Amino acid sequence: MLVPFVGISESIERIKELVAHVSDTGLNVVITGESGVGKEVVAQNLYHSSGRKDKPFVKVNCAALPEGLLESELFGFEKGAFTGADRKKRGKFELANEGVLFLDEIGDMSLNLQSKLLHVLQSGEFAPLGSEREMKTDAWVLAATNQELNEKVKNGLFREDLYYRLNIIKIYIPPLRKRPEDIPLLIDYFLEKYASQFGDKRLIKPDHAIMDRLISYQWPGNVRELQNILKSCLVVGNWEEVINELSFKSEMVSNSGFVATGTNEASIIDDLLNFQGENSPNHAAFSLKKIKRKALDRIEKEIISHVLDQTGWNRTKATKILKISYKTLLYKISDLNIKPPPDTSGKISS
Ligand SMILES: Nc1ncnc2c1ncn2[C@@H]1O[C@H](COP(=O)(O)OP(=O)(O)OP(=O)(O)O)[C@@H](O)[C@H]1O
Ligand SMILES: [Mg+2]
């Protein structure tokens with residue numbers, strides 16, 4: 001079922017226009033943005049507004065499978081192609097013929113598979129594993145990633161030629177905190193959508209105070225997080241309780257004030273020492289909440305940097321030690337502005 005791409009901010013309006021223009025061109029599209037911003041929603045909208053909407057939409061998550069399995073998912077295999085291949089399997093390129101092939105998390109594809117993908121994009125042909133015969137495919141390839149592909153190109157982790165081939169149309173979806181005007185609209189949309197699923201538990205619209213807090217929050221998990229919070233509110237049947245219980249209390253900051261994300265290197269102690277009462281020039285910037293946030297950010301940054309250094313910037317290993325997901329780690333690296341030491345760049349492994 002098609003999810004409408006809800007939003008009234010300038011960036012969302014521009015993306016809607018782009019979707020309408022691109023949908024029948026067949027040009028390759030890369031959709032970027034943080035986790036939960038709606039990359040898959042945009043891919044679905046591209047598909048539904050194209051002439052391919054009656055053909056299959058096939059999604060492949062390039063991060064979820066090891067290289068060998070991903071290769072056989074994409075290209076399929078003949079019976080007997082390898083031990084255990086006791087029957088022929090059609091690949092996603094074949095299944096998506098005349099439709100859409102959505103390559104999610106493309107940034108995680110191995111270099112070896114990247115060259116095979118490039119070959120398909122250039123020739124429109126591919127060979128299933130164990131087959132001599134090349135097959136034709138007319139799948140429209142849409143890709144998505146929450147990684148900086150150009151950085152990966154610089155570090156030798158993503159093929160430059162593939163990057164240019166895929167990136168003909170680039171759609172960047174900004175994080176929700178950069179488009180707060182979309183929040184009330186998304187809330188209305190989700191309330192309407194979930195009301196029926198949760199029986200009689202219709203939730204009244206948030207009052208001004210609650211709405212202000214929802215708009216001021218930084219939404220690190222973007223629209224997905226908003227959606228989950230609304231579901232919780234509907235189940236509990238009241239706004240206050242859920243919003244107060246959520247761990248984001250500490251992150252609730254005024255839009256005009258301190259922004260919790262994006263670490264400010266100014267020392268926390270400096271803030272305290274420089275505060276000289278109400279007449280102090282920095283009075284407006286001072287609050288215990290802000291200082292607490294800065295302190296937490298600094299500690300988090302130190303721990304994550306330490307673990308990354310210990311693992312030689314092997315992020316998969318780091319996630320195991322830190323017991324956080326890969327996506328969370330990428331988010332923290334970017335949000336806390338953690339940089340690898342100069343001698344490791346180019347050697348960073350995922
Ligand atoms: N503009 C929007 N309008 C309606 N629903 C949205 C919008 N943006 C996101 N959503 C909803 O938020 C959730 C997350 O969106 P989606 O899966 O497209 O994000 P994503 O960018 O692909 O995230 P990830 O990088 O984690 O895969 C989905 O349930 C989606 O339906
Ligand atoms: Mg996605």
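Helices α2 (39-48) and α10 (222-236) each give at least two residues to the shell around ligand 1. Helices here are DSSP runs of H or I with at least four residues, numbered from the N terminus. This is a predicted model; local features need pLDDT of at least 70, side-chain atom pairs count only at pLDDT 80 or more, and totals for chains, interfaces and linings use all residues. Residues are numbered from 1 along each chain as its sequence is written, while chains are lettered from A and ligands numbered from 1 in the order in which they are written.

**Around ligand 1**

- The shell around ligand 1 holds 16 residues, counted when the C-beta atom, placed from the backbone, lies within 6 Å.
- Val6, Gly38, Lys39, Glu40 and Val223 are the closest.
- Domain 1 (10-174) and domain 2 (177-251) each contribute at least three shell residues; these bounds come from an automatic or database domain assignment.
- The shell divides into 6 nonpolar, 7 polar and 3 charged residues.
- Ala, Val, Leu, Ile, Met, Phe, Trp, Tyr, Cys and Pro count as nonpolar, Asp, Glu, Lys and Arg as charged, and the others, Gly among them, as polar.

**α1 against α2**

- Helix α1 (residues 10-22) packs on α2 at about 40 degrees, with the axes 8 Å apart.
- That angle makes α1 oblique to α2 (under 35 degrees is roughly parallel, over 145 roughly antiparallel, 65 to 115 roughly perpendicular, and the rest oblique).
- Ile15, Val19 and Val22 of α1 meet Val42, Asn45 and Leu46 of α2 (C-beta atoms, placed from the backbone, within 7 Å).
- This contact of α1 with α2 has 5 nonpolar residues, 1 polar and no charged.

**α8 against α10**

- Helix α8 (residues 183-197) and α10 cross at roughly 50 degrees, and their axes come within 10 Å.
- Axes are lines fitted to C-alpha atoms, for helices over the stretch in contact, and angles run from 0 to 180 degrees between N-to-C directions.
- The pair α8 and α10 is therefore oblique.
- From α8, Leu186, Ile187, Phe190, Leu191 and Tyr194 meet Val223, Leu226, Gln227, Leu230, Lys231 and Leu234 of α10.
- The contact of α8 with α10 comprises 9 nonpolar, 1 polar and 1 charged residues.

Conventions:
Two residues are in contact if their C-beta atoms, placed from the backbone, lie within 7 Å.
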